[in-house]
Amino acid sequence: MNLILRHVFTSVMFSIALTIVVTGLTLVAFIDDWSLVFEQQIGDISFLIIIFTVAIGAGLIIGTVTGFYWRQRIHQVERQMDEIIKGQRITFHMETYKDLEAIQRYLHQIQNKIRSQTEHAQRLASERTREREKSLQEVVAQERNRLARELHDSVSQQLFAASMMMSAINDMNPPEDETMKKQLRMVENMIHQSQLEMRALLLHLRPVALKGKSLQEGAEELLIELTQKVPMEIDWKIEEFTVDKGVEDQLFRILQEAVSNTLRHAKATKLHVMLVERDENVILRAADNGIGFDMEKMKTGSYGLQNMQERAYEVGGSYKVVSVPNEGTRIEVKVPNLGKEGENND
């Protein structure tokens, strides 16, 4: 039942009951012949009917007023709870109703506890990130060196030998057949191009983590590299702000996963990335114009989407994905920026 109607019904019932009690006590205490009361009229209307009409009218007025009164206060509490859910600060009005002071105090304590838990989760994420970096830094460096060395000593050397042999064949003993001569030149050019690509691979061999870069620097470097390697129109809006190292790491990995999903599945021609801070929240958004997907079918079927969601939740953030078939996909992550690790550690 509607809040106002419930108050009106309760007030009317109370008024009728009170009228019956008062009228009965009055008849018992002061009137010997009750028939006189039932016969008494004001104008052409019975006295009892007027009494009960006034009681019902008073109940309607009182119920409506109290209903609006409490609905306004409940809506205020609902707004404050919605602000807590959205990660915003609770707005307290200048005039605080005394009957809601306890509830608002509890809401404030709940918000402080949520913020404290979020800060704790972010600190844990930062500590885990630092521990991973310390423990894996040497292993990653050794693995990178091993891969680069093996590629250089095996594939690069073989390509170099094949290039030298093809050059010797074409320079010292070229075939007389022009078709064969062109094919050998093509093979030599292909080997030469493979050498260039191998050198580029050795130069760009690096881990996927930020490793000393800020989130903005890593994101821009990733997107610039994409513009050079993929046939896709990529634009971005990245603003400067400071955020904990653990949050940086998770957001960068979420961006990598989002870009990877776009390249592998979206068949998109445009990608827009936004990384900004608004109202003490870091917002990461990646939107493409690809083929999209049916969200009902993909709720539990995508490891990439689940991985991004888990990373967002790990640092106390929220995750939202919107996709429409043939209209593209938009992924948005919002993380409260509660700590300034870079300022404290300088």
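This is a predicted model: local features need pLDDT of at least 70, side-chain atom pairs count only at pLDDT 80 or more; totals for chains, interfaces and linings use all residues.

Me: What counts as a strand, and when do two strands pair?

Reply: Strands (E, at least two residues) and helices (H or I, at least four) are DSSP runs, numbered from the N terminus. Two strands pair if DSSP finds at least two bridges between them. Here β3 and β4 (residues 270–278) run parallel and are joined by six bridges.

Me: How many bridges join β4 to β5, and do the strands run parallel or antiparallel?

Reply: Eight bridges join them, and the direction is antiparallel. Leu271 stands opposite Asp288 in β5. The hairpin of β4 and β5 has two residues between the strands, and Asp279 there takes a positive phi near 50°.

Me: What follows β5 in the pairing?

Reply: β5 is joined to β7 by eight bridges, again with the strands antiparallel. Ile283 stands opposite Lys334 in β7.

Me: What is the strand order of the open sheet?

Reply: The five strands come in the order β3-β4-β5-β7-β6, and the pairing is mixed. At the edges are β3 (233–238) and β6 (318–324), each of which pairs on one side only. From one strand to the next the twist averages 10°.

Me: Which strands does helix α7 touch, and how is the helix directed?

Reply: Contact means heavy atoms within 4.5 Å. Axes are lines fitted to C-alpha atoms, for helices over the stretch in contact, and angles run from 0 to 180 degrees between N-to-C directions. Helix α7 (residues 245–266) packs on the sheet and touches β4, β5 (281–288) and β7, with its direction at about 10° to that of β5. Helix α9 (residues 303–314) also packs on the sheet, touching β6 and β7, and its direction makes about 155° with that of β6.

Me: How is the length of α9 checked?

Reply: The expected span of a helix is 1.5 Å times one less than its number of residues. For the 12 residues of α9 that gives 16 Å, which agrees with end C-alpha atoms 16 Å apart. Just after α9, Gly316 takes a positive phi of about 75°.

Me: Which residues of α9 are buried?

Reply: Buried means under 20% relative accessible area, exposed over 50%, and partly exposed in between (1.4 Å probe, protein chains only). In α9 the buried residues are Gly304, Leu305, Asn307, Met308 and Ala312. They cover an arc of only 160° around the axis (taken from the directions from the helix axis to the C-beta atoms), so they lie on the same side of α9.

Me: Is Thr329 buried or exposed?

Reply: Thr329 counts as buried because its relative accessibility is 11%. Thr329 lies in strand β7 (residues 328–336). A polar contact is a pair of N or O atoms within 3.5 Å; within protein, one must be able to donate a hydrogen and the other to accept it, and residues adjacent in sequence count only if both atoms are side-chain atoms. Such a contact, of 2.8 Å, joins the side chains of Thr329 and Ser323.

Definitions and conventions:
Residues are numbered from 1 along each chain as its sequence is written. Side-chain values use heavy atoms; hydrogens and water are left out.
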